[in-house]
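Have a look at the picture first, then read on.

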Amino acid sequence: MTAHPAVAAAVADAHRREWAFVLAATVRVTRDLDLAEECVQDAYARALGTWGSTGIPGRPGAWLTTVARRRGLDLLRRDATARRVLPLLVTDPALAPGTGLADDGPGACALIGPASSAGPASSAGPASSASSAGPASSAAASSASSARPAGTAEAQIPDDRLRLVFTCCHPTLSNDAQVALALRLLCGLSTAEVARAFLVSEKTMAARITRAKKKIAAARIPYRVPPVAELPERVDAVLTVVHLLYSTGYAAPAGDELMRTDLAERSLDLARMLHGLLAGDHEVTGLLALILLTDARRDARVDGAGRLVLLSEQDRARWDTAKIAEGAALVREALGTGPPGRFALMAAIAAVHDEAPSFADTDWAQIVGLYDVLMRRWPSPVVALNRAVAVGFADGPGAGLTDLDALAESPELAGYGYLSASRADFLRRLGRTDEARLAYQEALLLTENAAERAFLAARLDQLGP
Amino acid sequence: MTQYLILIYADEAAWAGATPDENAQLLKEHAEFGQRHESVIRGGNALQSAATATSIRPGPADGSTVTDGPFAETKEALGGYYLIEAADLDEALAVAKQVPTRFGGVEVRPVWDMT
């Protein structure tokens, strides 16, 4: 049976908006990531079939959660022993199913921000109907049709997304695994889609995700929001994952297209979600601002033929003014109190670019100043490289080249194509053509991205023989 | 509760070069660590150097081959361990981070619960 287009659209929308909410609330019941994913997928499939006849529920996330949790409890009961290959996830003792799902444990309540679209952020009440072991949940076959938002019971579905976020981005998982889990568990991408996003085979990605899930279960990475004392460090790990996701989407390391728009959009979704959940955290605000202010230039970064267009040559009329306005307001908020964090500083730099009427009118001195603060807060060779490039525009290519050459010995930048490309540009502007040619050739060896390669080859051509 | 094995790896060459004072200090740090975490430590020992190790591999045929030396040759050798009990990995790591590791580091592994 084919779902009505309106139903299909509603399910797709709920998939994008509510996946993390539904999965997180279901994990609490199953305490097993694989089982929870299976139940959530099943709930979305049922929605396609059911919403056509019952109508689209007012709160799709609550409907989906109820169905998924009921299915989870049912499978757990039916198959109680066979599923114990891996230990259950560690949650706060009060959260074990059947003991009355008291809401978020110590350290969690204070953190949860304004209510999400899908439900109240926290509820002090007892178990929802879906999680009580009542007779209704044993009727698996009819559970989908009988699942209706039941008013008060539905209102008590807890928002467990932060638990899921902190589990996916646990510092004991590799970065590769964290990013893959974030796409899979928080954004609901299939393994095949995650594999495509990172240009690896589906088999490789499946193995990576399975290994990470096994570590979560066997090493007992807890399903909870860390205590306040550990929070800054743990939030930073989460933000690093989302930023890495955005960076991978912004300039794909390989492939035909300059940007992986899907990844950029997913990271924007995640940043928005985190901002909703941790609204008081200035670095979370800073990251959302950074992504908005950078993504605002997305359409202008490639021309009609898919060619890379540098910031200096971009048509600023094609920048997204709504994103710039939203991002700029968030930057001001992120810089509001206390010492600025790294994401707030990077966002501030992006804001200076976005608010400049033209490349020539960019306030380069302010950008260099912001990079100086960033270097003190977050010393890294890549920040130093970006600072050197800004110096090249503030004080001329000679000054920029001097700063770049000082970084050439930095082992972290060995094989980093943007160093060669930046040197090439300064050498070209200084008229040192032979050296520029060598630097472009070096940069060409260091990128697999087709759009970047085409850009560098064109510059090399313009230098003449 | 889950048990975790904290494996202590150390550069034996560096350790061998330690002065008696440094060794005494390391012992003292371990004693303090043991006292501080007495409630979660279920066992632990220091091992003699890898030079005292003997490895046994199956074969040829149904027999076994006995060789002098550790199972895997590495710069940093297993030098001791603690067995601890913790509610989750975060708790285990909080304890493991306090293990004195003057000449190397530690690896934390969950014990497979066979019950």
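Two strands pair if DSSP finds at least two bridges between them. Helices (H or I, at least four residues) and strands (E, at least two) are DSSP runs, numbered from the N terminus. With that in hand, take the hairpin of S3(B) and S4(B): five residues sit between its strands, and Gly59(B) there takes a positive phi near 95 degrees.

Some housekeeping before going further. This is a predicted model, where local features need pLDDT of at least 70 and side-chain atom pairs count only at pLDDT 80 or more, while totals for chains, interfaces and linings use all residues. Residues are numbered from 1 along each chain as its sequence is written, and chains are lettered from A and ligands numbered from 1 in the order in which they are written.

**Chain B**

Across the pair, Arg57(B) stands opposite Thr65(B). A residue is buried if 20 or more other C-beta atoms (placed from the backbone) lie within 10 Å of its own, exposed if 12 or fewer, and partly exposed in between. Strand S4 (residues 64-68) of chain B has five residues and the number buried is zero, so it lies largely in the open.

Chain B also has an open, antiparallel sheet of four strands in the order S2-S5-S1-S6.

| Edge strand | Residues |
|---|---|
| S2 (chain B) | 41-46 |
| S6 (chain B) | 104-110 |

Strand S1 (residues 2-11) of chain B and S6(B) are antiparallel and share seven bridges; Ala10(B) has Gly104(B) as its bridge partner in S6(B). Helix H3 (residues 89-96) of chain B lies across S1, S5 and S6 of chain B, at about 130 degrees to S5(B). Such angles run from 0 to 180 degrees between N-to-C directions, with axes fitted to C-alpha atoms, for helices over the stretch in contact.

**Chain A**

Chain A holds 20 helices and two strands, and 47% of its 465 residues count as buried. Contact here means C-beta atoms, placed from the backbone, within 7 Å. Of the contacts in chain A with a separation of 6 or more, 67% involve residues 24 or more positions apart.

A nonpolar core is a set of buried Ala, Val, Leu, Ile, Met, Phe, Trp, Tyr and Cys residues joined through C-beta atoms within 7 Å. The largest one has 143 residues, and Leu23(A) and Ala182(A) are among those with the most contacts inside it. Helix H1 (residues 5-30) of chain A gives the most to this core, with 10 residues.

Which residues does Leu23(A) touch, not counting those up to four places away in sequence? They are Ala36(A), Glu37(A), Val40(A), Leu164(A) and Leu185(A).

Helix H7 (residues 175-186) and helix H10 (residues 231-250) of chain A have axes that come within 10 Å and cross at roughly 80 degrees. That makes H7(A) roughly perpendicular to H10(A), a label for 65 to 115 degrees. Asn175(A), Gln178(A), Val179(A) and Ala182(A) of H7(A) meet Val241(A), Leu244(A) and Leu245(A) of H10(A).

**Where the chains meet**

Eight residues of chain A are in contact with seven residues of chain B. The chain A side splits into six nonpolar, one polar and one charged. Here Ala, Val, Leu, Ile, Met, Phe, Trp, Tyr, Cys and Pro count as nonpolar, Asp, Glu, Lys and Arg as charged, and the others, Gly among them, as polar.

Key. Two residues are in contact if their C-beta atoms, placed from the backbone, lie within 7 Å. Angles under 35 degrees count as roughly parallel, over 145 as roughly antiparallel, 65 to 115 as roughly perpendicular and the rest as oblique.
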